[in-house]
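Have a look at the model first, and then read on.

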Amino acid sequence: MKTALSPDSKDPYLNYVQAELLVWLMKVKKPPGIFSRMSHGVQGKINSWIPEKVHRAISVAIENMVKAVLTGSGWVFPKFHAGLSLKEREDKVRVRIKWYRNTASAEGAVTGAGGILLGLADFPAFLTIKMKMLFDIAALYGVDVKDYQERLFLLYVFQLSFSSQKRRNELIGLIENWDSFKNDLPKDLGQFDWKTFQLDYRDYIDLAKLAQLVPIIGAPVGAIANYKLTEHLGEYAMNAYRLRMLQTSQRKLD
């Protein structure tokens, strides 16, 4: 991990981070429950009611938008300050997550109030907000966000955040063993498994977002859904980078 951050092993805040990370890992690795399996069945039923052309349009929008964000060179990222403590750094990360969470909530309310057409427009707009937030979080942890491997790491963090519990059990091993896995990464974005990425994302958010297309209730549903989904992604991103950061620190000690 290309970062100037090396947490002080005597820092009491590090104990808090390790405890929170352990709780998060237990949550991510838990076996799929009955509700999770039922939700997956309901999701499949709802998907069958949606016209295929809508599915195709959303899939293409997701792939193209993510590629545009990942390959964009004009993004402005927050600066990494090596002199900050881990707590000070994570306080900045939390402020950043809060800003994106509120922005996404406002965007969801506006598009939700516009019915089906604006509701569909929410997918690429909301996706861009979430991806940009990931870039900012990575930069605040000291990651070189221009590095191709690090941009792919963002994709896997995103996928881990928005996938079924069964799929998370598969992806968390990749995150935990990133230094070994990154050597086998796709050589370019065209070789990335976009189909699985799209299906994981759509299946996760559809239940939360489809009601946003309904007139009258669309605005509050969009605001709440975007708020919670952005906060959820922020939590997963923080813990994914904490995991890599602590593993890097441990290797230095070894």
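In helix α7 (residues 165-176), the buried residues (under 20% relative accessible area, 1.4 Å probe, protein chains only) are Gln165, Arg168, Leu171, Ile172, Leu174 and Ile175. Because they cover an arc of only 155 degrees around the axis, they lie on the same side of α7; the arc is that of the directions from the helix axis to the C-beta atoms. An α-helix has 3.6 residues a turn, so residues three or four places apart point the same way.

This is a predicted model, where local features need pLDDT of at least 70, side-chain atom pairs count only at pLDDT 80 or more, and totals for chains, interfaces and linings use all residues. Residues are numbered from 1 along each chain as its sequence is written, and side-chain values use heavy atoms, leaving out hydrogens and water.

Helix α6 (residues 148-161) is mostly covered, with twelve of its 14 residues buried; among them are Leu152, Phe153 and Tyr156.

Helix α1 (residues 12-29) packs against α7 at about 135 degrees, with the axes 8 Å apart. They are therefore oblique to each other. Trp24, Leu25, Lys27, Val28 and Lys29 of α1 meet Gln165, Arg168, Asn169, Ile172 and Glu176 of α7, where contact means heavy atoms within 4.5 Å.

Methods: Axes are lines fitted to C-alpha atoms, for helices over the stretch in contact, and angles run from 0 to 180 degrees between N-to-C directions. Helices (H or I, at least four residues) and strands (E, at least two) are DSSP runs, numbered from the N terminus. Angles under 35 degrees count as roughly parallel, over 145 as roughly antiparallel, 65 to 115 as roughly perpendicular and the rest as oblique. Buried means under 20% relative accessible area, exposed over 50%, partly exposed in between (1.4 Å probe, protein chains only). The expected span of a helix is 1.5 Å times one less than its number of residues.
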